[in-house]
Amino acid sequence: MPVRNAVRQTAGMDYRGDDSALQRAAKDHLWMHFTRHSAFESAGVPMIVRGDGAYIYDADGKRYLDGLAGLFVVQVGHGRTELAEAAAKQASELAFFPLWSYAHPPAIELAERIAGYAPGDLNRIFFTTGGGEAVESAWKLAKQYFKLTGRPTKHKVISRAIAYHGTPQGALSITGLPSLKEAFEPLVPSTFRVPNTNFYRAEQHGDDLEAFGRWAADRIAEVIEFEGPDTVAAVFLEPVQNSGGCFPPPPGYFQRVREICDEYDVLLVSDEVICAFGRLGEMFGATRYGYQPDIITCAKGMTSGYSPLGAMITSDRLMEPFLSGTAMFAHGFTFGGHPVSTAVALANLDIFEREQLNEHVRDTEGDFRVTLEKLYDLPIVGDVRGDGYFYGIELVKDKATKETFDFNESEQLLRGFLSKALFDAGLYCRADDRGDPVIQLSPPLICTQEHFDEIESILRSVLTEALEHL
Ligand SMILES: Cc1ncc(COP(=O)(O)O)c(C=O)c1O
């Protein structure tokens with residue numbers, strides 16, 4: 001029987017066991033993202049079939065705590081039928097219409113609602129289908145804005161080392177991870193890297209957080225000066241940088257960055273694909289740290305993942321040159337601002353309001369931190385850092401010297417042992433070595449102390465075992 005038929009006949013009935021039809025079809029046909037497929041030569045493809053609250057369930061019915069909210073996405077938790085119903089209602093009313101010279105009510109309502117949440121003068125919403133497209137859109141807007149306002153040479157972009165901004169070629173160019181870019185070079189030229197705010201590994205001012213922040217921000221001014229202010233369009237920064245393992249901004253960092261951007265007429269883009277929609281206890285990370293971006297890029301949590309959606313948020317000032325005559329932002333996506341996704345986002349934001357999820361994160365984030373910090377008694381835990389419901393735990397070989405693992409040890413530890421062991425122990429999270437080895441945690445915003453304790457207890461037992469595997 002062709003596999004396709006086998007799947008059709010068995011899907012929904014028989015997806016259990018390593019030799020199920022779906023398991024075979026996954027190996028034969030599904031190309032997964034950022035995945036080493038060689039891993040499945042000798043192992044099954046982990047298959048998640050159901051979610052409920054903070055938990056997900058695999059094909060064999062085993063339960064896991066979703067310590068990453070899918071992929072920094074499922075803010076309101078799994079299994080919310082009201083979001084499924086909002087999607088069904090919109091699909092039966094108007095399943096699709098593009099935002100290309102026409103509009104539809106859910107996109108309009110969502111734009112107005114987001115404008116109400118966004119900091120300061122940010123009130124113009126350009127929808128995309130995801131985060132990388134939002135980043136791509138922001139760079140293109142910055143370029144065209146300066147062309148239309150008489151500064152046509154401003155086009156370069158500054159971003160931070162080890163930061164991830166997405167996979168489209170523009171967004172990938174802005175990404176500060178050479179290993180992710182190598183295979184696709186040459187990429188879009190004109191992007192430049194500055195240091196991130198990894199205070200744990202600060203090479204300067206390691207004993208003074210504020211001075212370190214000031215130093216890191218000033219590197220942006222240095223690059224602008226070096227490249228020429230007339231050539232620099234924008235700086236892309238996450239409120240808390242994810243890649244490398246959660247680097248929150250030192251006090252004063254973003255205020256200094258804002259000053260620099262104002263001085264050199266450079267746009268400050270706050271890439272909040274992860275940090276927006278409650279991850280840091282506010283609708284936007286910029287609000288939490290008290291700075292005013294010129295553009296925000298966001299996605300993921302806007303719909304809690306019940307349907308794909310992203311956005312670039314900007315102001316009247318940046319849209320003004322596009323409002324008269326023949327001017328147009330010749331940019332868009334068929335599915336950007338999809339009716340179903342925007343309807344789902346509205347229903348998702350209703351849940352945020354009704355259940356006061358931002359307040360909940362602000363009230364309980366201290367407990368999450370204290371619970372994770374208990375892990376400091378393990379010799380492998382070097383640093384626990386983050387804010388809100390967004391944490392990175394950096395693993396070290398030697399706590400006293402902060403010595404990290406070499407490439408082979410990291411392979412052995414993260415890929416060879418940790419990722420699988422954590423999953424087997426019932427915790428879905430991410431062991432990542434795009435910078436130094438870290439465990440990333442970003443649970444649904446509905447989590448409470450019992451979930452924090454479960455995360456801590458699984459991490460404790462698996463990390464204790466991890467050292468024996470080196
Ligand atoms: C900060 C940041 N920007 C952009 C992206 C790309 O988003 P997407 O995968 O939706 O294209 C991500 C994805 O994780 C991200 O974390």
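**A walk through the salt bridges and the ligand site**

Hi everyone, let's start with a proline: P186 sits in the loop between helix 8 (178-181) and strand 6 (191-194). Helices here are DSSP runs of H or I with at least four residues, strands are DSSP runs of E with at least two, and both are numbered from the N terminus. A cis peptide bond, with omega of about 0 degrees, joins E185 and P186. In that loop between helix 8 and strand 6 you also find S190, a residue other than glycine whose phi is positive, near 85 degrees. Why mention these? Because most peptide bonds are trans, and most residues other than glycine have a negative phi.

A word on the model. It is predicted, so local features need pLDDT of at least 70 and side-chain atom pairs count only at pLDDT 80 or more, while totals for chains, interfaces and linings use all residues. Residues are numbered from 1 along each chain as its sequence is written, and side-chain values use heavy atoms, with hydrogens and water left out.

F72 is another residue that is not a glycine and yet has a positive phi, about 65 degrees. F72 belongs to helix 3 (residues 69-72). Is F72 buried or exposed? With a relative accessible area of 2%, F72 is buried. For that word, buried means under 20% relative accessible area, exposed means over 50%, and partly exposed is in between, using a 1.4 Å probe and protein chains only.

Now the ligand. Which residues are around the ligand? They are G130, G131, G132, Y164, H165, G166, E238, D271, V273, I274 and K300, where a residue counts if one of its heavy atoms lies within 4 Å. That shell divides into three nonpolar, five polar and three charged residues. In this scheme Ala, Val, Leu, Ile, Met, Phe, Trp, Tyr, Cys and Pro are nonpolar, Asp, Glu, Lys and Arg are charged, and the others, Gly among them, are polar. An N or O atom in the side chain of K300 is 3.0 Å from a ligand oxygen. A backbone N or O atom of G132 lies 2.7 Å from an oxygen of the ligand, and a polar backbone atom of G131 is 2.8 Å from a ligand oxygen. The cut-off for such a polar contact is a pair of N or O atoms within 3.5 Å.

On to charge pairs: how many salt bridges does the structure hold? There are 32, each being a side-chain nitrogen of Lys or Arg within 4 Å of a carboxyl oxygen of Asp or Glu.

Take E222 and R219, whose closest N and O atoms are 3.0 Å apart. They are three residues apart in helix 9 (residues 209-227), so about one helical turn separates them. E222 is partly exposed at 44% relative accessibility, whereas R219 is buried at 17%.

R369 and E373 also pair up, at 3.7 Å between the closest N and O atoms. Four residues apart in helix 14 (residues 357-373), they too are separated by about one helical turn. R369 is partly exposed at 26%, and E373 is partly exposed at 29%.

Finally, D377 and R460 meet in a salt bridge at 3.1 Å, N to O. D377 lies in the loop between helix 14 and strand 11 (381-387) and R460 in helix 16 (residues 449-466), so this pair ties together parts that are 83 residues apart in sequence. D377 is exposed at 54%, while R460 is partly exposed at 24%.

Terms used
A polar contact is a pair of N or O atoms within 3.5 Å; within protein, one must be able to donate a hydrogen and the other to accept it, and residues adjacent in sequence count only if both atoms are side-chain atoms.
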